[in-house]
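Could you walk me through the side-chain interactions in this model?

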Amino acid sequence: MKLTILGCHSATPRDNARPTAQILEMKGHLFLIDCGEGTQMALRKNRIKFARIKHIFISHLHGDHVYGLIGLISTFCLLSRDSELTIYGPKGIKELILMQLKLAKVYTAFDLRFRESVENIPHLLLEDDSLTVTTIPLEHRVFTHGFLFQEKPGDRRLDIVACEEYGVDQAYYRKVKQGHDVTLDNGEVIANQELTMDGDKPQSYAFCSDTVYKEDIVPQITGVTALYHESTFLKAHEDLCDRTKHSTAEQAATIALKAKVGTLILGHYSSRYGDYQLFKKEAREVFENCELAMDGKVFEF
């Protein structure tokens, strides 16, 4: 699992601070999460192939999370894209994009699909043989949800020594890895756990975009490999959270602690702060395994 931060700052883009956008590479997929202004430039800078992006997830319709989307779609058209693209987001995302395309008289040669969320409750957006993507209900000034990306359990690992001792033919190895028991020629049944070991632990990533401190998301994200949680303010400005519906670094760390996540990644910093290390310092007083998102930074798990 690989996460590339394309942008991680709040509100307006600046020379050295792009608004929210991320690329998550997982089980062969390349997911774009949020698409703030300048995202396609960040994609080029990080040498990410546009054609590999088949699914785009938008958390909410504030500009610093979506204003780069129409430009990216327009570029897809100019590049003669012909593969399907699906955009997931709150109700209104389809109208927003199609109106801009209509007024600009831009026509897509590829199949452009939308899946809009209406109810802010956890629901499945995408599933294939290897993973699922589910919404995480958040609370912001407009309809907002995060996203939970979860790998499905993979095959078990063969215990070659045990297989040889029991005389299991190699022709059965694939089914054994998939969890099947084996019946020997003499009729004896060998339980799968005698022939295999646990496979790699499935990885997971929770993206919690703009939100107030919301403790009821903890059960859904408990034990995730990595959690990105917005941390717009430091504790000294916690009074701004109620009005703006944002969180502090300390609050993000509290969620991480309660959810027993592997790694916490902070982001969505307010431009009022010049020293981002203050966010890490504040969070680590609550949750030690904490990292700062930075434009262009790559996390591998």
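Cysteine 77 is partly exposed, at a relative accessible area of 21%; here buried means under 20% relative accessible area, exposed over 50%, and partly exposed in between, using a 1.4 Å probe and protein chains only. This is a predicted model, in which local features need pLDDT of at least 70 and side-chain atom pairs count only at pLDDT 80 or more, while totals for chains, interfaces and linings use all residues. Residues are numbered from 1 along each chain as its sequence is written, and side-chain values use heavy atoms, leaving out hydrogens and water.

A disulfide is a covalent bond between the sulfur atoms of two cysteines. With the criterion set at a pair of cysteine sulfur atoms within 2.5 Å, a search of the whole structure turns up zero disulfides. Cysteine 77 takes part in none, and its nearest cysteine sulfur, in cysteine 35, is 14 Å away. Cysteine 290 is buried, with a relative accessible area of 0%. Its sulfur lies 13 Å from the closest cysteine sulfur, that of cysteine 8, which is too far for a bond.

Now for the rings. Rings of Phe, Tyr and Trp (its six-membered ring) pair if their centres lie within 6.5 Å, and planes under 30 degrees apart count as stacked, over 60 as edge-to-face and the rest as tilted. By this rule there are 16 aromatic pairs. In one of them, phenylalanine 57 and tyrosine 88 have ring centres 4.5 Å apart and planes at 10°, so the pair is stacked. This pair links distant parts of the chain, with phenylalanine 57 in strand β4 (residues 53-57) and tyrosine 88 in strand β5 (residues 85-90), 31 residues apart. Helices (H or I, at least four residues) and strands (E, at least two) are DSSP runs, numbered from the N terminus. Phenylalanine 57 is buried at 0% relative accessibility, and tyrosine 88 is buried at 4%.

The rings of tyrosine 269 and phenylalanine 279 have their centres 4.9 Å apart and their planes at 55°, so this pair is tilted. Tyrosine 269 sits in the loop between β16 (263-267) and α10 (277-284), while phenylalanine 279 belongs to helix α10, 10 residues apart. Ring pairs also join Phe31, Phe57, Tyr88, Phe147, Phe149, Tyr205, Phe207 and Tyr228 into a cluster.

Phe31 turns up again around leucine 131, whose contacts (heavy atoms within 4.5 Å), leaving aside neighbours within four places in sequence, include Phe31, Met26 and Gln150. Leucine 131 is found in strand β8 (residues 131-137) and counts as buried at 0% relative accessibility.

Let's finish with the charged groups. Taking a salt bridge as a side-chain nitrogen of Lys or Arg within 4 Å of a carboxyl oxygen of Asp or Glu, the structure holds 10 salt bridges. One of them joins the side chains of glutamate 139 and lysine 245 (3.6 Å, N to O). Glutamate 139 lies in the loop between β8 and β9 (145-151) and lysine 245 in the loop between α8 (239-244) and α9 (249-259), so the pair ties together parts that are 106 residues apart in sequence. Glutamate 139 is partly exposed at 36% relative accessibility, as is lysine 245 at 26%.

Aspartate 216 forms a salt bridge with lysine 214, their closest N and O atoms being 2.9 Å apart. Here aspartate 216 is exposed, at 55% relative accessible area, whereas lysine 214 is buried, at 15%.
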